[in-house]
Amino acid sequence: MKVNIFKTAEEIGVAVAEIFTNEVKNNPDCVLGLATGATPIPTYQNIISTYEKGGISFKGVKTYNLDEYCNLPKSDKNSYYTFMHEQLFNSLDILEENVHFLDGNAADCDEECKRYDDEINNAGGIDIQLLGIGNNAHIGFNEPADEFTTGSFKVQLTESTINANKIYFDENPMPTHALTMGIQQIMSAKKVILIATGPKKAEAVKNMIEGPVTAQVPASILQKHDDVLIFLDEAAASLLK
Ligand code: F6R
């Protein structure tokens, strides 16, 4: 794990966006794994500003998002489909047929998860996977568990995750389940970039980097990946030795 500590989330956004836009310039047909939530927003804003300056196209890029809520219409303002379009895709020349999500409303979730995993494999796997981290050290929606997960699956969200995300749901209650990529799938990305910002992430960050590798701290598995860049602001890094 290579740990980079920056003063602010803004500076991280600039640095991580540069990694992604360089990848797209050097490998215009790359496959990107993307995350939602508050953490990647500065990165997405900086990708958009680089794109607007010209000289880069996303027409050949394929994206696969980490997760999607169950029982929430795709068009809902809180679906991750809507989030990604509003925060990134609508501002790029990426092709709609190249952006991919798990379908949280699929009639058969097992079949849907298998379809998604097969599609990622058929695309040649993920070149760069972007991750945030939950207060409980989840990555994607892989919550603390007895064993590390493999491929995509349906998960029941923990109280910690529901408490962190329910602020976005002002009208309808937040979904209790989601479909998410599994740990093995995340680990098979060629390169992984994890961003953590703010004091609420400090303990999860410490456990991820300095603690034992355990499924109770899902992000700790990243210690075993040989190309992981961790980007922290000072608050998220504050408990590190
Ligand atoms: C989002 C995802 C989650 C978030 C995590 C942090 O697609 O998979 O693991 O990265 O919950 O969320 P924020 O960034 O909102 O603190």
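Modeller: Start with the second largest pocket: its volume is about 190 Å³. Its lining has 14 residues, and Lys74, Tyr81, Phe101, Leu102 and Asp103 are the closest to its centre. The model is predicted, so to speak of local features takes pLDDT of at least 70 and side-chain atom pairs pLDDT 80 or more, while totals for chains, interfaces and linings use all residues. Residues are numbered from 1 along each chain as its sequence is written, and side-chain values use heavy atoms, without hydrogens and water.

Biologist: How is a pocket found?

Modeller: Rolling a probe the size of a water molecule over the atoms shows where empty space is left. On a 1 Å grid over the protein atoms alone, a pocket is an open set of points where a 1.4 Å probe fits, with protein on both sides within 12 Å along at least five of seven lines; lining residues have an atom within 4 Å of a point. A volume is the space filled by probe spheres set on the points.

Biologist: What is the volume of the largest pocket?

Modeller: About 800 Å³. Its lining counts 36 residues, with Gly37, Ala38, Asn165, Tyr168 and Lys201 closest to the centre.

Biologist: Where does the ligand sit?

Modeller: In the largest pocket, meaning more than half of its atoms lie within 2 Å of the grid points.

Biologist: Which polar side-chain atom lies 2.7 Å from a ligand oxygen?

Modeller: One of His138. A polar contact is a pair of N or O atoms within 3.5 Å.

Terms used:
A polar contact is a pair of N or O atoms within 3.5 Å; within protein, one must be able to donate a hydrogen and the other to accept it, and residues adjacent in sequence count only if both atoms are side-chain atoms.
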